[in-house]
Amino acid sequence: MAGIEAALADGARIWLADTDGDGSLAVFALASLLRDPGLSSVGGPRLRVPQVGLLSTVPEEQQLRALELERHVREVETGCPVPGSKAAIKPQYDPASTTLAEREQAKAGELAAQGWSGVSRATVRRWRARYHTGGVWGLVVKRRGATRLDRADPKVVEALRALLPQEALRSRSRGWKKRMRRETQWWLDVQHGAGVVEVPATSTFNKLIDAVEASLGLQGTVAQRRVRAARPAPPFTPTLALRPGEIVMMDSSPLDALVVLDDGVVGRLELTTAVDVAMGGLWGVLRPAGTKLTDVAVLLAQMMTPVVMRPGWDAALSMAASVVPHERLTAVDARLKDAAARPVIVPETVVVDQGKVFVSPATRAACESLGISLQPVPPANGPAKGHVERCFGSINMEFVQWLPGFTGSHVGERGSRVEQERLWTVSELQALWEEFLVHWHHRPHEGLRHPLMPKKALTPNQMWAALLPVAGYVPVPLSADDFVELLPVRWQPITDAGIRFGYRTYDDPCLNGHRGQHSGVASHKGLWEVHYNPYDPARIWVRLPAGFVEVAWIHATSVSLPFTHHVWEHICKVVERTGSREEHEAELVLALDAFLKRAARKEKLSATERRVVAKSRAAGAVPVPEGELNVLDVPAPSFALAGVYAAGDLDDDTVPDEDDDVADELNDETAAGPAATGCGLLADADGEDQWLP
């Protein structure tokens, strides 16, 4: 050591000189040097503070024994059992005249003479090593038997740690341990060679599986195991949103209540909800359960459009009577004049699960058309969108459990005569649900807190009012073209016969000049962008160079009543094809018109036909506005075009028919592409990613 500087603002510094004598110096902060774990004293071990917290976990006699061993170790290494002691050093422990080996042997002999059993020079050496490694806690006798995982073959444990999470993520039904024993042996044979590593006996292996599952946290039901296997590695960070619309989470779930669909048909509805993380806003759409339609478009339009006060609603539900600065907002957006107190936001990021209706190309296209980022979470990872998952429980508690026909969350909670209750119709439940959505934003939420009022639970409206001065408000009115953009899209050729798909032909003089022509979109082989409304198959919208053009179904005037895709799918299944494409389409039109008339006259229908009519009427036909939309005149939540299809099923009218005249109308290069056999909705059948570009 060359010297110490003490009078410094940042603490003392120490100067060290090179032992080789070349004159080089090194400067260190004294506090940093003393904290360095590599620093040790030449004359003995470093002084260490006893680990009081760890020592308190063992009995007092073990604590006293560890402290006594510390004194013996220090005496062997420094000659003094207590640092700074003025007592004379015993000759046999004097570092100046004895070696360390001699002092270790002397200490072993001294303790043996005092009655210590089993103490040798090697024992003293082990004490020294433990003290250098763990301090006083290292001298505590810790007796712990080997666990089953410690005793097992590490290669077998490795195989189980690899196979059990895969088993949970595949969502397979839980089988017997005998199956897992065989799979483990197969895995070992592949990794290490046949017969090199053998799995243990059946009873031992069964216990080993339980031990590995416990270490991985994979006990419980199949659903619980799947969730734990898909959970990301901790630590977890809460989802933070600082402005309305920054993060919106969406999910769908069957409504836990029975309703009367039509003609006495009893069923359940599908509830698709969206929750804003920043202020707890809620939007939702009710549709018949089992429908192939996703209501992402409806929810997006709901969030961006005010809801008008309904007749019979209490005046306290209006925005003018709430804490929201209504007059200032009305000056910016006149649509809010007669609006109910429900927030209006523009989503920036939408978080969804891996359901095909959410990650389909149509859903992504709807979000991209509005500049919204779509963010799917990992598979089977409910906590990643915990806000909307928890929202379903709140809806059941605050709304669904009070309805007649409440089924409970699972069969074990269902009453024995739920179907015999006086069930509500879809229209009655829809009206009550719209009012509940407004009430939701007047209800305090424990998770909504303002930094200046941390003890006060705020309502979503209060949180929206608090965030408005910071985030601002920009109205985003949607035009007719915006609603068309939200519709499902497919890519079709324009032929001499028009546009054909789903056993329907659409034609109009506006297509002249574009028949057989390349659309200019090379990524889709020159096909044309077509948007369709599953609730109104009688017309489509084609994007031409001048913009969207509406094209009617050539048989639209032959059908006297409106219909949806549910009815058309049913007709396509029951009418057998006997002639050409044109003849078959004409037969379908006649059968459709006859079926709709029979249903309107309440004639006797089969059980299948009643279900088809019930689903069609429950879904409802939502028309597209022909001009600019006046949202104040359109009742929510069905003011927008409902409908973004997922990847088509074989019985779906959005799937091209086997005899669609695509290959005949296009050249060989176009027909070979994936777009020639259907729209982009079918692109996920080739095994590629369903939503990434």
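Arg449 counts as partly exposed, at 30% relative accessibility; here buried means under 20% relative accessible area, exposed over 50%, and partly exposed in between, with a 1.4 Å probe and protein chains only. Its side chain meets that of Glu446 in a salt bridge of 2.5 Å, N to O, a salt bridge being a side-chain nitrogen of Lys or Arg within 4 Å of a carboxyl oxygen of Asp or Glu. Glu446 is exposed, with a relative accessible area of 60%.

The structure is a predicted model, in which local features need pLDDT of at least 70 and side-chain atom pairs count only at pLDDT 80 or more, while totals for chains, interfaces and linings use all residues. Residues are numbered from 1 along each chain as its sequence is written, and side-chain values use heavy atoms, with hydrogens and water left out.

## The chain as a whole

The secondary structure of the protein chain amounts to 23 helices and 16 strands. Helices (H or I, at least four residues) and strands (E, at least two) are DSSP runs, numbered from the N terminus. Of the 693 residues in the protein chain, 44% count as buried. The accessible surface of the chain is about 35100 Å², and carbon and sulfur atoms account for 55% of that surface; accessible areas come from the Shrake-Rupley method with a 1.4 Å probe, and for residues only the protein chains shown count as cover. Among contacts between residues at least 6 apart in sequence, 64% join residues at least 24 apart, where contact means heavy atoms within 4.5 Å.

## Salt bridges

A search of the whole structure finds 28 salt bridges.

| Pair | N to O distance |
|---|---|
| Glu110 and Lys107 | 3.5 Å |
| Lys177 and Asp210 | 2.9 Å |
| Glu446 and Arg449 | 2.5 Å |

Glu110 and Lys107 are both buried. These two residues are separated by about one helical turn, because they are three residues apart in helix H4 (residues 100-113). An α-helix has 3.6 residues a turn, so residues three or four places apart point the same way.

The side chains of Lys177 and Asp210 also meet in a salt bridge. This pair links distant parts of the chain, 33 residues apart: Lys177 belongs to helix H8 (residues 177-192) and Asp210 to helix H9 (residues 202-216). Lys177 is partly exposed, with a relative accessible area of 29%, and Asp210 is partly exposed at 38%.

A network of salt bridges links Glu77, Glu104, Arg121, Arg125 and Arg128.

Five strands form an open sheet of mixed pairing, in the order S6-S5-S4-S8-S9. Strand S6 (282-288) and strand S9 (373-376) stand at the edges with a single partner strand each, so one side of each is left without a neighbour in the sheet. From one strand to the next the twist averages 30°. Two strands pair if DSSP finds at least two bridges between them. Strand S4 (residues 248-260) and strand S8 (residues 349-352) pair in the parallel sense over two bridges, and Val248 stands opposite Val350 in S8. Helix H16 (residues 426-440) lies across S4, strand S5 (266-276) and S6, and runs at about 170° to S6. Axes are lines fitted to C-alpha atoms, for helices over the stretch in contact, and angles run from 0 to 180 degrees between N-to-C directions.

Another open sheet has four strands with antiparallel pairing, in the order S10-S13-S14-S15. Its edges are strand S10 (489-492) and strand S15 (547-552), each with a single partner strand, so one side of each lacks a neighbour in the sheet. Neighbouring strands of this sheet are turned by 35° against each other on average, direction ignored. S10 and strand S13 (residues 528-532) pair in the antiparallel sense over four bridges. Trp491 stands opposite Glu529 in S13.

## From S15 to helix H19

Thr557 lies in the loop between S15 and H19 and is exposed, with a relative accessible area of 77%. Thr557 and Ala538 are 19 residues apart in sequence and 9.2 Å apart in space, C-alpha to C-alpha. Helix H19 (residues 565-574) is mostly covered, with seven of its ten residues buried. Among the buried residues of H19 are His565, Trp568 and Ile571.

## Helices H7 and H10

The axes of helix H7 (residues 154-169) and helix H10 (residues 222-230) come within 8 Å and cross at roughly 115°. In this packing, Pro165, Glu167, Ala168 and Leu169 of H7 meet Arg225, Arg226, Ala229 and Ala230 of H10.
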